[in-house]
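Me: Could you walk me through how the two chains of this model meet?

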Amino acid sequence: MTAPYWEAVIGIECHVELKTVSKMFCGCPNEFGGEPNTKVCPVCLALPGALPVPNAMAIEYMLRAGLAFGATIPPHSKFDRKNYFYPDMPKNYQISQFDMPLTQGGVVRYWLEDGTRGECRLTRIHLEEDTGKSTHASADGRLAGATSSLIDFNRAGVPLMECVGEPDIRSADEAVAFLETLARTFRELGVSDVKMEEGSLRCDANVSIRKRGATELGTKAEIKNMNSFRSVRRAIASEIARQIEVVEGGGRVIQETRGWDEAAGVTHSQRSKEEAHDYRYFPDPDLVPIDVTADVVERVRATLTETPYERYARYVDTLGVDSKRATQLVDDAALAAWFDRAVAASDGKAQAVVAFVLGDLARLANESGTPLAAGKVTPEALAELVALTSSSAINSKAAKQIVETLWSEGGSAKAIVEREGLAQVSDRGAVEAIVDEVLAANPKVVADYKAGKTNVMGFLTGAVMKASRGKANPSLAQELLKEKLAAR
Amino acid sequence: MPTDRIDIRHVARLARLALTDDEIATFGPQLGSLMTHVDALAKLDTENVAATAQVVPSRNVQREDAIRPETILARDVVLQNAPQVQGPYFRVPRIIAEEG
């Protein structure tokens with residue numbers, strides 16, 4: 001691949017199911033799964049005369065989602081009918097938004113695993129309704145060989161927000177980072193579960209290539225059927241490689257829809273009848289317009305807190321946490337909140353706090369199955385422990401022991417130090433006495449050291465630590481050992 | 001002639017109507033006269049009329065996000081008018097391509 005010569009241009013569109021209690025236009029439950037065709041009513045089945053009424057919470061969620069990315073909320077919005085025929089869509093039109101979406105613009109700032117950052121503009125986020133679900137009635141449940149399809153309308157009418165991104169993305173990794181940030185943000189806003197495996201997040205990618213430095217866009221292919229972040233990464237990378245091969249082989253990329261084949265690791269042309277879509281959008285006469293006042297916008301804006309990207313940037317830029325650890329924290333909102341309290345209580349000693357939180361405490365949480373935030377260790381107790389460690393009042397071995405005790409009992413780190421007699425001995429005289437004792441008891445090891453086997457130092461330090469029952473300051477012990485051995 | 005503005009075969013295809021040539025010959029002029037009738041609206045002065053998508057003067061008709069169990073239909077009722085049923089599902093002719 002002549003990567004430096006070609007540049008990929010990628011635009012992502014994704015559909016996200018909103019986590020409301022009820023459906024978009026009726027009072028049926030919005031729940032994943034369940035017995036087929038048991039969560040339906042005259043409205044979502046499109047029985048004659050049934051009329052839709054919009055779910056106020058879905059509209060609020062849209063405003064939250066848009067405002068979190070700095071979108072503009074136009075004062076007027078409306079619903080339109082998008083007309084097409086498809087068996088899993090009971091009305092033969094989908095209620096959607098055409099020219100007056102609830103949110104316009106905005107920017108998604110994201111970061112990659114290696115810590116590099118990027119941003120992608122949003123064109124818009126609009127609100128629509130989901131379709132039913134179809135399965136295929138062949139013996140193996142696949143489309144090929146099926147003579148008929150089976151429809152379950154439980155999902156029909158579930159509120160769906162469609163996020164349309166600008167073609168600002170340049171690689172498969174950036175596309176995944178963009179989607180991960182969207183997912184993290186929507187999850188934290190409480191507007192969606194964003195589970196790709198359950199279909200509450202579905203995405204398509206428009207991919208084209210052009211010569212690096214060119215400003216016009218190449219012909220794009222629309223990639224569908226990507227069911228995980230991993231398949232998004234693989235599908236886009238594979239499609240970029242395919243297009244480069246086509247063009248370098250003297251061919252031309254044609255505008256088409258291509259489906260990702262997970263097993264084969266390639267995209268295939270979906271030779272559906274490629275007539276230009278003609279949806280004949282028009283305003284839905286069953287639904288009155290939506291006005292969003294400045295008061296409502298400000299009320300929703302006031303409920304927003306730090307976004308996952310802002311948190312990541314604060315951890316890395318202000319607290320000096322490395323990108324990987326910052327991501328681990330950001331991916332667990334409860335853990336991040338706990339971490340923030342511990343950092344505040346420890347007077348900003350973020351490095352030491354993060355080492356405990358993602359080290360011993362993460363291990364204990366993992367082993368016990370209890371999340372840190374639900375366990376017995378308080379952020380204040382960890383802050384105490386960090387203070388004891390950084391002032392050399394205890395050594396790292398004692399710190400480990402205290403963490404274990406805090407985990408199983410809770411309480412205060414200082415109290416444990418006193419109770420267990422774990423205070424580090426940094427008194428020169430006291431450690432010197434132990435060092436003398438150890439050297440006297442190990443004449444052979446001392447002789448080895450003098451003969452050049454300096455690696456016995458580890459053994460001697462260990463012996464001093466053991467003799468002090470783990471309480472000696474290890475660096476002081478080493479320093480004294482070196483002094484004494486040199487003097488012999 | 002207003003029918004010049006309508007590709008009647010295209011419109012029929014969008015509506016999933018299979019029209020014969022005779023029907024196209026009949027419906028073409030009929031649609032044309034409908035268009036002529038609507039053209040009368042174009043003569044109105046709308047200079048000072050705001051664009052509108054709805055003639056009903058209300059706004060923001062919404063409902064609280066709550067389940068209404070009494071509206072949910074029993075499955076045998078849901079499926080009773082289906083041309084074909086298989087188990088708990090509506091059965092339809094094989095779906096050819098993804099859409100929407």
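Here is a short tour of the interface in questions and answers.

Reply: Happy to! This is a predicted model, in which local features need pLDDT of at least 70 and side-chain atom pairs count only at pLDDT 80 or more, while totals for chains, interfaces and linings use all residues. Residues are numbered from 1 along each chain as its sequence is written, chains are lettered from A in the order in which they are written, and side-chain values use heavy atoms, without hydrogens and water.

Me: How much area do chain B and chain A bury between them?

Reply: Contact here means heavy atoms within 4.5 Å, and 38 residues of chain B touch 60 residues of chain A in that sense. Buried area is the accessible area (1.4 Å probe) lost on putting two parts together, summed over both. Of that area, 58% lies on carbon and sulfur atoms, and the total is about 4300 Å².

Me: Which residue of chain B meets A:Glu35 in a salt bridge?

Reply: A salt bridge needs a side-chain nitrogen of Lys or Arg within 4 Å of a carboxyl oxygen of Asp or Glu. Chain B and chain A have two of them. For A:Glu35, the N to O distance is 3.4 Å, and the partner is B:Arg75.

Me: What is the bridge partner of A:Ile151 in β2(B)?

Reply: Strands are DSSP runs of E, at least two residues long, numbered from the N terminus, and two strands pair if DSSP finds at least two bridges between them. Strand β9 (residues 148-152) of chain A runs antiparallel to β2(B), joined by four bridges. In β2(B), A:Ile151 is partnered by B:Phe90.
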